[in-house]
Each structure stands twice: as C-alpha cells, then as structure tokens.
Amino acid sequence: LPEQEAFDIEYWLLEEAKLQRMPKPKSLAGRVALVTGGAGGIGQAVARQLLQEGACVMLTDIDAEALEEAKGNLLKVAGKDNIATVQGNITSETEVEAVLTATALRFGGLDILVSNAGIASAAPLEDTTLEIWQRNQDILVTGYFLVGRGAFRLMKQQKIGGSMVFVASKNGLVASAGASAYCTAKAAEIHLARCIALEGAAIGVRVNVVNPDAVIRGSRIWDGKWKEERAASNKIDSDNIEEFYRQRSMLKLSVLPEDIAEAVYFMASDKSGKSTGNVLNVDAGNAAAFTR
Ligand code: NAD
C-alpha cells in the first residue's frame, strides 16, 4: 500500500477500536420485566440477563424465603432501584392481580412478561391420581392463563405493546414416559401462548415460547423427587443423570440455566421483533431426533 493510505487505514482502525471501547446503550434500558418463578434456577438466570441488558425486573414466586435469597444474589449485578420482589401464587386470580399491580406501581408499567414458574411431576399413567393431574393443570395451564391474561390487559391499557415469553418444556412437544400429566399441561401451555399471540398481534404484543430440555444444574426441580423418578424411568443411577441427558443429545451438550436465559432474552427483546407464536427449543437437539 502507498504510505499515505497505510497511515489512513491505521488511523481508522484506531478510531474503530475507540468506538468498540465506548459503552453501548443497553438493549432493554427503560423496559420493565416481570419474571414468575423468579426464585428458581431458570428464573434467576433470566432475571440476571434482563438486568444486565438494562431492564427493571420484578421477581415473583410462591416461596417468599427463596425469593429474598434470589434478590440478594441478583443485587450483585443490579442496583437496588432496578429489582424488586413480590410473593404470589400463580394459581390464585387475586394474587396474580396483586403481582401485576405491584409491578406497575413499582416500575410504572409492564413491557416484558416471562412466565416461567412451574413444577415437574412424574407418575406412570396408572398411578396418576386426579390430584396429580389437577396440580399440573392448575400451575402449568391455569397459572399461565392468569398471568398471561393479566399481562395482556396491562399491556393493552398502556398502548405501547409488549413481549411475553412462556417457559414451557420440550416435553410439551415430545411425550416422555411416566409424565403424562406434566407433558399434557406443557403442551397446553405452548398452545395457550399461540392463542394469546393471535389476539396480542392486534395490540402489538408478541408471545413466544422457550422450551428447555433437562436443565439440571441450578434447578430446584432436580433437587427433589423428580430426579429419582427420571433416573428410575430411564433405568440409570440418579448421580449420572446430567451425563445421561448430555450423551442422549444430538450436540452432546448439557443445557444450563444461562442457555435458557439467552433464548428468553432473544424472544423478549426487539431482536425477535418479527417472531410471534413461535417455539424455540433449547435442548441440544433432543426434540429433533432420536440419537439412542
Ligand atoms: P425451579 O424449581 O428451580 O423454579 C421454579 C420456581 O417456580 C420455583 O422457585 C417455585 O417456587 C416456583 N413456583 C412453583 N409453583 C408456583 C406457583 N404456584 N406460583 C408461583 N411460583 C411457583 O425450576 P426451573 O428448572 O427453574 O424451572 C422453570 C421452568 O422451566 C418451569 O416452568 C419448568 O417446568 C420449566 N422446565 C424446566 C426444566 C428443567 O429441567 N429444569 C425442563 C423443562 C422445562
């Protein structure tokens, strides 16, 4: 290159490097998000990501003690003015309304709903009592309906649209042995998201679904009975459960709460502005093919 041109290139590279070092505007600055199941593994990872992207986050959960612990963890990445908590049971109409009102009063509105609270429950069909069936329906279907309807009403009132993300499950698409109540409820949850997306389109509200596969690390679901039951149903030792799911996946990777958070952030933000009624599986390929 002629000397003068070489100099110019260097100059522009330096200018580019300076630009790279400048703080970038945060993509969710000024947005308000409500995260249900915020005391759990996925809920906390989602909240962390939304806070890092500049959103104000209201965390809600049925478990008040775990909720405060989660808030303590998240204060390490966010200022106290950006995060608040409110206890609530998503199966109670009045409590859901109180959670939404608290969010609007605390942060001035609602732009993003992450409907994520949930349980996992397993039982072979013949041992599935009406009580087990009903509990899955109550939390995973009725709870998601109440929270989705409440967020819809609030977003409609605000007249500036919004984004909802339902955290469902790969098991809402693919049946899993010994978990008919859970799989059926998760399938309904996915379809409910599509129904809300259809009505939401007219008021600028997008609704999408993120489907995790087994997220063992960090999840409180996997602390309990579910782990033993899944291990028994797959005829493996419960200590090997994460390795079992990793080996079974197409990509031979374990899915982590942070992986779900990335997908939720994508669906919640303007990055997915032309997606609604969609389902994104974060499952290392597990829903697409049998690998063993
Ligand atoms: P988690 O148990 O760590 O978190 C779930 C949270 O939901 C808990 O803090 C719990 O207290 C809360 N919750 C339960 N019932 C509630 C109610 N009635 N009202 C309000 N809060 C309630 O589990 P996680 O792994 O973080 O799961 C989050 C979501 O992801 C759930 O919907 C779950 O079904 C789904 N999911 C998880 C996995 C996995 O392997 N971890 C796989 C697929 C789908």
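Analyst: Let's start with the buried residues of helix 6: Ala181, Tyr182, Cys183, Ala185, Lys186, Glu189, Leu192, Ala193, Ile196, Ala197 and Gly200. "Buried" means that 20 or more other C-beta atoms lie within 10 Å of the residue's own (12 or fewer is exposed, in between is partly exposed), with C-beta atoms placed from the backbone. Keep in mind that this is a predicted model, where local features need pLDDT of at least 70 and side-chain atom pairs count only at pLDDT 80 or more, while totals for chains, interfaces and linings use all residues. Residues are numbered from 1 along each chain as its sequence is written.

Helix 6 covers residues 180–200, and its 21 residues reach 30 Å from first C-alpha to last, close to the 30 Å expected. That expected span is 1.5 Å times one less than the number of residues. Helices (H or I, at least four residues) and strands (E, at least two) are DSSP runs, numbered from the N terminus.

So what covers those buried residues of helix 6? The cover includes helix 5 (130–158), strand 5 (162–167) and strand 6 (205–212). Here, contact means that the C-beta atoms of two residues, placed from the backbone, lie within 7 Å.

Now hop over to Val114, which lies in strand 4 (residues 112–115). Val114 counts as buried because it has 31 C-beta neighbours inside 10 Å. Beyond its neighbours within four places in sequence, Val114 touches Ala33, Val35, Thr36, Val46, Val165, Val167, Val264 and Ala268. Val114 and Val210 are 96 residues apart along the chain, yet their C-alpha atoms are separated by 10.0 Å.
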